[in-house]
Amino acid sequence: MIPFLDLKAQYQSIKKEIDEAISNVLESTQFVLGNEVAAFENEFATYCNARYGIGVNSGTSALHLALLAAGIGVGDEVITIPFTFVATVAAIGYTGAKPVFVDIEPDSFTIDVKQIEKAITKQTKAILPVHLYGQPANMDPILEIAQRYGLTVIEDAAQAHGAEYKGRRVGSIGDFGCFSFYPGKNLGAYGEGGMVVTNNENYAHTIKLLRDWGQEQKYHHVLKGYNYRLEGIQGAILRVKLRHLEAWTKARQSHAKQYNEQLANSGVQIPKVMHYSRHVYHIYAVRTNQRDTLQQQLQQQQIQTGIHYPVPVHLMPAYADLGYQVGDFPQSELAAKEVLSLPMYAELSNLAIEQVCEFI
Ligand SMILES: *Cc1c(COP(=O)(O)O)cnc(C)c1O
């Protein structure tokens with residue numbers, strides 16, 4: 001069997017370091033926030049080239065707090081894409097604001113910058129680009145439009161730890177960068193986790209308050225906050241794993257190169273890397289109009305694959321109230337029918353990739 005993801009292989013490769021880090025937290029009893037979380041916040045912010053990092057309990061919470069810190073709420077609109085994980089859109093809804101969709105560009109699966117301006121209204125407060133699959137959105141035009149209309153830019157970097165746009169690390173390009181440390185992400189905790197990074201001191205301060213009940217000192221609540229704190233054990237584990245992240249990213253890139261070479265004449269379309277991108281391959285997705293058949297046949301060969309994502313958010317029953325219809329975002333709808341994610345993780349063997357490619 002070739003799994004889509006193998007978290008156990010990674011744990012076994014760093015078991016000694018991880019077990020020791022967990023044991024230290026147990027001894028310290030700093031189970032919520034604490035020194036390990038604070039150290040990880042600094043180290044991860046540095047990794048992103050950002051001044052501040054605020055650890056939270058999920059990527060979704062990171063998005064929610066970034067939106068709140070930007071002052072977004074009822075009556076506001078936030079522009080994003082429908083071809084994303086539902087959390088991007090859910091977080092906008094949590095604030096009371098309305099998600100407004102712009103279609104993706106088919107080559108990069110990221111927001112089509114040519115279509116952003118026509119989605120802007122008087123209510124628009126922010127643009128929320130998603131660095132889908134680990135490839136950055138085209139940030140320069142996004143920043144230029146945001147500047148012109150006075151909009152905040154919040155990067156959904158949940159799939160893009162260490163990705164770069166024109167040599168700049170994602171997360172520190174817009175006003176906020178939001179990361180997830182869900183176990184299957186490129187940098188994954190052993191539970192839930194997330195972080196907001198920013199270069200703005202006021203934003204960092206607000207998010208720090210909001211994640212911990214809005215308290216400035218214990219029991220002195222100056223904002224209506226949340227219990228969105230990152231756990232000590234996760235901070236300690238993530239510190240260990242951050243030290244390996246670059247090596248793991250390089251392994252993913254090398255696997256992508258092997259897939260690209262061996263799938264070149266297979267009839268499936270391989271991922272396109274934009275000239276401005278350092279792609280970190282959270283997902284290696286090919287495209288074919290025979291996707292469902294291919295997936296079933298791979299499954300019969302014990303090769304696991306995934307679909308990210310089979311239904312664009314504007315067509316989900318949960319978001320019917322937004323009033324969109326079939327045909328509103330044709331590139332997102334087509335991608336949802338054609339993408340197939342192949343096995344991708346640092347420990348994946350060359351032989352396994354060869355077998356997958358041969359079968360395709
Ligand atoms: C994983 C993910 C999120 C949410 O992160 P959680 O940690 O699962 O809450 C948000 N956006 C995208 C694009 C994601 O892939």
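Glutamate 164 has a relative accessible area of 18% and is therefore buried, where buried means under 20% relative accessible area, exposed means over 50%, and partly exposed lies in between, with a 1.4 Å probe and protein chains only. I begin with this residue and its partners. Before I continue, please note that the model is predicted, that local features need pLDDT of at least 70 and side-chain atom pairs count only at pLDDT 80 or more, whereas totals for chains, interfaces and linings use all residues. Residues are numbered from 1 along each chain as its sequence is written, and side-chain values use heavy atoms, with hydrogens and water left out.

The side chain of glutamate 164 meets that of arginine 169 in a salt bridge, at 3.0 Å from N to O. A salt bridge here is a side-chain nitrogen of Lys or Arg within 4 Å of a carboxyl oxygen of Asp or Glu. Arginine 169 is likewise counted as buried, because its relative accessibility is 14%. Which other residue forms a salt bridge with arginine 169? It is glutamate 246, with the closest N and O atoms 3.7 Å apart. This second pair links distant parts of the chain: glutamate 246 belongs to helix H9 and arginine 169 to strand S7 (residues 168–169), 77 residues apart. On the elements themselves, helices (H or I, at least four residues) and strands (E, at least two) are DSSP runs, numbered from the N terminus. Glutamate 246 has a relative accessible area of 23%, so it is partly exposed. Through shared partners, salt bridges join Glu164, Arg169, Glu246 and Arg278 into one network.

By the same rule, the count comes to 18 salt bridges. One of them is formed by the side chains of lysine 272 and aspartate 107, at 3.2 Å from N to O. Here too distant parts of the chain are linked, the two residues being 165 apart: lysine 272 sits in the loop between helix H9 (245–262) and strand S12 (277–278), and aspartate 107 in the loop between strand S3 (98–101) and strand S4 (124–127). Lysine 272 is partly exposed because its relative accessible area is 38%; aspartate 107 is partly exposed because its value is 33%.

The loop between S3 and S4 also contains glutamate 105. With a relative accessible area of 21%, glutamate 105 is partly exposed.

I turn now to helix packing. Helix H9 packs with helix H12 (residues 350–359) at an angle of about 30°, and their axes are 10 Å apart. Axes are lines fitted to C-alpha atoms, for helices over the stretch in contact, and angles run from 0 to 180 degrees between N-to-C directions. H9 and H12 are therefore roughly parallel to each other; the classes are roughly parallel under 35 degrees, roughly antiparallel over 145, roughly perpendicular from 65 to 115, and oblique for the rest. The crossing of H9 and H12 is right-handed, meaning that the near helix is turned clockwise from the far one by less than a right angle, anticlockwise being left-handed.

A further pair is helix H4 (residues 59–69) and helix H5 (residues 86–94), whose axes come within 9 Å and cross at roughly 40°. H4 and H5 are therefore oblique to each other. Their crossing is right-handed.

Next, the backbone. Asparagine 49 is not a glycine, yet has a positive phi of about 65°. Asparagine 49 lies in the loop between helix H3 (35–47) and strand S1 (52–56). Is this residue buried or exposed? Asparagine 49 is exposed, because its relative accessible area is 57%.

Tyrosine 281, also not a glycine, has a positive phi of about 50°. Its place is the loop between S12 and strand S13 (284–287). Tyrosine 281 is buried, because its relative accessible area is 6%.

Histidine 308 and tyrosine 309 are joined by a cis peptide bond, with omega about 15°. Tyrosine 309 is in the loop between helix H10 (291–300) and helix H11 (330–338).

I close with the surface. Leu26, Phe31 and Val32 make a nonpolar patch of about 270 Å². Leucine 26 is found in helix H2 (residues 15–28). Its relative accessibility is 48%, so leucine 26 counts as partly exposed. Patches are made of residues with over 30% relative accessible area and no salt bridge; like charges are joined within 9 Å, and nonpolar side chains (Val, Leu, Ile, Met, Phe, Trp, Tyr) within 5 Å. Accessible areas come from the Shrake-Rupley method with a 1.4 Å probe, and for residues only the protein chains shown count as cover.
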